[in-house]
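New page in the notebook.

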Amino acid sequence: SDDKGKKGTLSVTNIEEEYEIACGRSMEIDGGVADIQQRSSIEHCIYYEIEAIRNGQNITIKVWMFGCITGKANESYQQTKEDPTINTYDYPLTVLGTPLLQSNGTDIYVDANGNTLKAPRYTKYPEDAGYATFGDAVPVVKVKAA
């Protein structure tokens with residue numbers, strides 16, 4: 001199949017200079033940082049946490065997204081009120097995923113029909129193994145050992 005990935009929007013409250021440089025949209029120049037023409041789409045992973053309520057208890061769900069590509073953020077400013085307004089920046093986002101691996105963590109998984117599969121997202125809940133350190137490094141996405 002020809003999977004073009006999931007499309008969406010990544011909304012943030014601040015443009016991070018390091019992220020813009022890593023994505024090829026900004027560059028350190030003599031005396032500062034300049035926005036530059038983006039010449040390539042740099043795949044990366046995004047980690048985030050979701051606060052949720054389950055059975056009346058607050059929990060934190062941890063999530064990694066793989067094969068992410070973002071474009072230049074849309075910037076809009078609203079400052080018409082007496083109190084400061086939190087402005088958001090919206091990146092167009094495509095999530096391509098990463099190949100699902102065999103349980104050994106190195107070979108690409110192939111199902112009974114000869115298909116390889118991509119995993120766009122990996123989620124852990126508080127009771128899952130490895131939850132405490134899940135956000136520390138990009139995880140390997142592999143099938144359960146038989």
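Before counting anything, I need a cut-off: a residue is buried when its relative accessible area is under 20%, exposed when it is over 50%, and partly exposed in between. I also remind myself that this is a predicted model.

**Entry: burial.** I looked up the share of buried residues first. Of the 146 residues in the protein chain, 26% count as buried.

**Entry: overall dimensions.** I checked the radius of gyration next, and the protein chain comes out at 19 Å, while a compact globule of 146 residues would be near 15 Å. Along the principal axes, I get a span of about 60 × 45 × 30 Å for the C-alpha trace.

**Entry: secondary structure.** Reading from the N terminus, I write the order down as β-α-β-β-β-β-β-β-β-β-β.

**Entry: the helix and a charged patch.** Helix α1 covers residues 17-22, and E17 is part of it. I then looked at the surface around E17 and noted a patch of negative charge, where E17 gathers with E16, E18 and E28. How exposed is E17? Its relative accessible area is 49%, so I log E17 as partly exposed.

**Entry: a loop residue.** I stopped at N55, which sits in the loop between β4 (44-54) and β5 (57-70). Its phi is near 55°, a positive value, and the residue is not a glycine. Is N55 buried or exposed? I log N55 as exposed, because its relative accessibility is 77% and the cut-off for exposed is over 50%.

Definitions and conventions. Residues are numbered from 1 along each chain as its sequence is written. This is a predicted model: local features need pLDDT of at least 70, side-chain atom pairs count only at pLDDT 80 or more; totals for chains, interfaces and linings use all residues. Side-chain values use heavy atoms; hydrogens and water are left out. Patches are made of residues with over 30% relative accessible area and no salt bridge: like charges are joined within 9 Å, nonpolar side chains (Val, Leu, Ile, Met, Phe, Trp, Tyr) within 5 Å. Accessible areas come from the Shrake-Rupley method with a 1.4 Å probe; for residues, only the protein chains shown count as cover. A salt bridge is a side-chain nitrogen of Lys or Arg within 4 Å of a carboxyl oxygen of Asp or Glu. Lys and Arg count as positive and Asp and Glu as negative; His and the chain ends are not counted. The place of a charge is taken as NZ of Lys, CZ of Arg, CG of Asp or CD of Glu. Helices (H or I, at least four residues) and strands (E, at least two) are DSSP runs, numbered from the N terminus. Buried means under 20% relative accessible area, exposed over 50%, partly exposed in between (1.4 Å probe, protein chains only). The radius of gyration is taken over C-alpha atoms; the globule rule is 2.2 Å times the number of residues to the power 0.38.
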